[in-house]
Amino acid sequence: FLFAIAAFERALKLDPQHVRAMSGLGWVLFYWRWRFDEAGELIKGSVELAPNDPSVLNTYATWLGKRGTREEELETYHKAAPLLDLLERLRLASVGS
């Protein structure tokens, strides 16, 4: 994941508002570096820039769930669901089971 961090950071240097780089770096920092506050800022920033991006919403919902915000997590998944293709919907349907 060190390469992923470096790639996301490079992308953000080139474009500080690169939504997928913000979301991706947030995810990696949250899961693999336990830098929760920094990850949250990146993930929330990506949602502000792209509130209808299903990938960004998925990352945000996952982050919310891991932080213990279950109701907001489910609301975010429900917001993302209509934006996703069928395969992604099936994958997300298995999250709660």
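The model is predicted, so local features need pLDDT of at least 70 and side-chain atom pairs pLDDT 80 or more, while totals for chains, interfaces and linings use all residues. Residues are numbered from 1 along each chain as its sequence is written, and side-chain values use heavy atoms, leaving out hydrogens and water.

**Whole protein.** Show everything as a cartoon: you'll find 6 helices and 0 strands (DSSP runs, numbered from the N terminus: H or I of at least four residues for helices, E of at least two for strands). Of the 97 residues, 38% count as buried, meaning under 20% relative accessible area, with exposed over 50% and partly exposed in between (1.4 Å probe, protein chains only).

**Helix α2.** Now select residues 19–32. These 14 residues reach 20 Å from first C-alpha to last, close to the 20 Å expected at 1.5 Å a residue (1.5 Å times one less than the number of residues).

**Its covered side.** Colour the buried residues of α2: 10 of the 14 qualify, including V19, M22, L25 and F30. Next, bring up α1 (2–14), α3 (36–49) and α4 (54–66), the helices that the buried residues of α2 pack against; contact here means heavy atoms within 4.5 Å.

**W27.** Stay in α2 and pick W27. Is W27 buried or partly exposed? W27 is partly exposed, with a relative accessible area of 32%.

Finish at W34, which follows α2 and has a positive phi, near 55 degrees.
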